[in-house]
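Thank you for making time for this. I would like to walk you through a few places in one structure, so please have a look at it as it comes up.

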Amino acid sequence: PTGLTGTQGAASTVTGPTGPTGAGFNVPATSKNVFVDGYRVDDYTPDGTIDKPYKTISAALTAITDAADGKRYNVNVAPAVYAEKITMKPFVDVTGVGKTAVVIAGPTGPDDDAVFFPSTARDCTLSNCAINAAGTNINGIHATDGGGGEIFNVEVEATKNGVLIDGSGKAWQIGRASCRE
């Protein structure tokens, strides 16, 4: 996205220059935005703003404690490889800038998940990223009964199951996902 075009002076019809191009985040206006940048190596205290983003997706998710229906969060993930397990939360969306730029590498195992949707994680979305669960016996995405969410534009490579959905209590929406083993 680009910045706003401003006017020069109160009565002028001359417009100012277009602002700089943003980081490429497509964020719903109704969400509170939290930012993550795994390639930041400078020293600062992260607060989730675009100037002081969290360095891991898990840290951003841990910091969100008041998400609710009507108070959604969107975790905007900048390009990087994130070697961590992600546990989704209700009313919190995790959105990468693209599946070739944002990779969730997941744990090394054994018997774990790169991304876990617990039964409490309803009304949440994982989108625009890749999951490379290359550890020993690792599920790419594991969703449990009772939850309900969306997985969109995600490429999954895993050593066990690409997408494992336990139970049948809620509807899951999966769009443009590809899985490789």
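Predicted model: local features only at pLDDT ≥ 70, side-chain atom pairs only at ≥ 80, totals over all residues.

Let me begin with a polar contact of 2.8 Å, which joins the side chains of Asn-76 and Asn-74; by polar contact I mean a pair of N or O atoms within 3.5 Å, where, within protein, one must be able to donate a hydrogen and the other to accept it, and where residues adjacent in sequence count only if both atoms are side-chain atoms. Residues are numbered from 1 along each chain as its sequence is written, and side-chain values use heavy atoms, with hydrogens and water left out.

Asn-76 itself sits in strand β2, residues 73-77, strands being DSSP runs of E with at least two residues, numbered from the N terminus. Asn-76 counts as buried because its relative accessible area is 0%, and buried means under 20%, exposed over 50%, and partly exposed in between, with a 1.4 Å probe and protein chains only.

Turning to Thr-95, we find this residue in strand β5, residues 92-96, and Thr-95 is likewise buried, at 11% relative accessibility. Leaving aside neighbours within four places in sequence, Thr-95 is in contact, meaning heavy atoms within 4.5 Å, with residues including Asn-74, Asn-76 and Ser-127.

Finally, Gly-109 lies in the loop between β6 (102-104) and β7 (112-117), and Gly-109 is partly exposed, with a relative accessible area of 33%.

Note on methods: Helix = DSSP H or I, 4+ residues; strand = E, 2+ residues; numbered from the N terminus.
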